[in-house]
Amino acid sequence: MSVEAELENSVQYSPLQRMRHSAAHVMAEAVQEMFPAARFAIGPAIEDGFYYDFDLPRTLTPADFPEIEQRMSKIIAGKYPFERDHWSRLKALEYFRDKGQSYKVEIIENLPDLEQANVYQQQNDFPELCRVQESRNWPGEVTIYQQHNFLDLCRGPHVEHTGQIGPFKLMRVAGAYWRGDEHRPMLQRLYGTAWFTQEELDQYLSRLEEAQKRDHRKLGRELGLFMMSSEIGPGLPLWLPKGAILRETLENFLRQEQRNRGYMPVMTPHIGPIELFKRSGHWYKYRDEMYPPMQVKLEANSLADEDEPRGEMYILRPMNCPHHIQIYQSELRSYRDLPLRLAEFGMVYRLEKAGELHGLLRSRGFSIDDSHIFALPEHLDAEFINVVDLVRFVFVALGISEYRARVGLRDPESLKYIGSDEVWEKAQSAIIKALDKLGFSYTLEEGEAGFYGPKLDFVFRDALNREWQLGTIQVDYNLPERFDLWYIGEDGQRHRPVMIHRAPGSIERLIAILIEHYAGAFPVWLAPVQVRIITIADRHVSYAQEVMQCLRDRHIRVELDHSPERINAKIREAQLQKIPYMLVVGDKEQRSRAVSVRLRTNENLGATPIDTFIARITDIIDTKSREL
């Protein structure tokens, strides 16, 4: 196969991504015109646009954007062709060294080769092997693209000429460490977006404006849900009282539904010995994203040399699976004991790069609603269908309706997966068979499987038309084999169970998505404060406290505002806090043993007897209605 054919087969850019990738090169040329001494790192297309990382003599600001955009427009109007060439590594190194492009030189010098890939495979070095496999470069030569006056090391592909780049806009500039390593130089990452038509660009900018209003980090501060502290560390959220109530409400709902379906709660430690995670394979998969191991010194042993260093190595767990496996192995299991469904809201830890952290959506410490089902192989279909039903039930309760199903399959060309072809085929077939039985539509996507088993992902589209992965069900024959799990079958012999891993993602990410989905105006049953009682004057405080106690007796979350502020200001404050109901009490309400009900939507329901209001709100909470 020619290099050209191999390149086109390996880089799966959509037409829109191809155009955006080309826009990144045009932006780089514009920056080079302004800063001839600029050094260039990388410039890919991303989900909603593109970026390029620069090392510049001064810091870019939004004030520079109009000039860069003007220069880009001129280059686009010139309709300069994107010309591809292939250079030897030696020629490319000489060229980029001569130009002072040290980042390009480092990229070329670090290109993997087939010999090193074989070494990684023999060593079971999963992270390095994955890095080699994900590289789109080939030993011996590199691909060069040039348009107008800009030449770049690039795997492509691009549009035919610059005139095919549609309407664009520069969005922001941010810092980005070279190679994502905080110990390497800080570069400037200039972001842009490009679309085929002006209408698409305008719609995107409108969605972005709405997304900024719904940003869970902004609303989290305004609604008093959570905070980050530099004293605690990045990516480690602190839950404030209202956020803790929201989280507790959500977790209680999930726990109760799991128990209704036969799940048994367990609790396990946040740490574990490193050998446990080597055996499971998590160490090889996640070690570059894990906190450093901890050495625990053992007590002195009179039979050993006290000067000899001894101890055990522990890590903060990246996943809960090995702990649950230990619980399964803690006693003899019979076929009559299965399926065994274990569930835990287990904290896990990943040492994500600082530049990749994003509020609750991507943090370093998070809790997974994690369940593991140990089942007879012949019961796999039924158990899988039951798990799908549970996930769909939860989505309905949370108001998540726009979602699709994606079956993540193993990439047969990749070496990052564990287990034999036979068990992978069996697991993948089980997922597809169950979905077909449900009449559930789905897509098949190679390379999206977990490293020890294929999975079903639920990907839903929120109110801003963005997609999120929320909900994963994985079929696993490999960990039962690695840990030698077994049960006594009806024939009195040992048999191997199959595992199902079920997790809707982290609770933190789920809450972040719900905050943005509802713009902080949660359904009544989830709202941290469901009712705020507002007094007109001091003489109404005693009656307001009596009403508050009536609501608390019915387990309704309520607070009282008897501040000296004007009534309209107090109502406005409650609306800003997204509280579903405001109960205004004054002379008339006190005399008639009623409350004046206002909704956060500013609708006034008027005077309502207390018992009538309680019946209304308890029904809405019990049914988990999204109405007020």
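**Figure 1. Lining of the second largest pocket.** Helix H10 contributes 5 residues, the largest share of the lining of the second largest pocket. The model is predicted, so local features are reported at pLDDT of at least 70 and side-chain atom pairs only at pLDDT 80 or more, while totals for chains, interfaces and linings use all residues. Residues are numbered from 1 along each chain as its sequence is written, and side-chain values use heavy atoms, with hydrogens and water left out. The second largest pocket has a volume of about 330 Å³ and a lining of 14 residues, of which Thr 249, Trp 525, Gln 530, Arg 557 and Ile 621 lie nearest the centre. Two or more lining residues come from each of helix H10 (241-260) and helix H21 (610-622). A pocket is an open set of points on a 1 Å grid over the protein atoms alone, where a 1.4 Å probe fits, with protein on both sides within 12 Å along at least five of seven lines; lining residues have an atom within 4 Å of a point. Points are joined across faces, edges and corners, and the volume is the space filled by probe spheres set on them. Helices (H or I, at least four residues) and strands (E, at least two) are DSSP runs numbered from the N terminus. The lining divides into 4 nonpolar, 5 polar and 5 charged residues (nonpolar: Ala, Val, Leu, Ile, Met, Phe, Trp, Tyr, Cys and Pro; charged: Asp, Glu, Lys and Arg; polar: the others, Gly among them).

**Figure 2. Open mixed sheet of 8 strands.** The strand order is S11-S15-S16-S23-S20-S19-S17-S18, and the pairing is mixed. Strand S11 (264-265) and strand S18 (443-446) stand at the edges with a single partner strand each, so one side of each has no neighbour in the sheet. Two strands pair if DSSP finds at least two bridges between them. S11 runs parallel to strand S15 (residues 340-349) over 2 bridges, and Pro 265 stands opposite Ala 343 in S15.

Figure 3. In strand S26 (residues 581-585), 5 of 5 residues are buried, where buried means under 20% relative accessible area, exposed over 50% and partly exposed in between (1.4 Å probe, protein chains only). Tyr 581, Leu 583 and Val 585 point one way from S26, and Met 582 and Val 584 point the other way. Strand S24 (residues 531-535) likewise has 5 of its 5 residues buried; Val 531, Ile 533 and Thr 535 point one way, Arg 532 and Ile 534 the other. S24 and S26 pair in the parallel sense over 5 bridges, whereas S26 and strand S27 (residues 594-599) are antiparallel over 4 bridges. S24 is also joined by 4 bridges to strand S25 (residues 558-561), in parallel. Ile 533 has Leu 583 as its bridge partner in S26 and Leu 560 as its partner in S25. Tyr 581 stands opposite Leu 599 in S27.

Figure 4. The model contains 18 aromatic pairs. Rings of Phe, Tyr and Trp (its six-membered ring) pair if their centres lie within 6.5 Å; planes under 30 degrees apart count as stacked, over 60 as edge-to-face and the rest as tilted. The centres of Phe 395 and Phe 458 are 5.7 Å apart with planes at 90 degrees, so this pair is edge-to-face. Phe 395 belongs to helix H14 (residues 380-398) and Phe 458 to strand S19 (residues 455-461), 63 residues apart; both Phe 395 and Phe 458 are buried. Elsewhere, ring pairs link Phe 40, Tyr 52, Phe 54 and Phe 150 into a cluster. A charge sits over a ring if NZ of Lys or CZ of Arg is within 6 Å of the ring centre and within 35 degrees of the ring normal. Arg 20 lies over the face of Trp 195, 4.4 Å from the ring centre, and the charged end of Arg 189 sits over Tyr 51 at 4.0 Å.

**Figure 5. Loop residues with positive phi.** Lys 79, in the loop between helix H3 (65-77) and strand S4 (83-88), has phi near 50 degrees and is exposed, with a relative accessible area of 55%. His 555, in the loop between helix H18 (541-553) and S25, has phi of about 65 degrees and is exposed at 71% relative accessible area.
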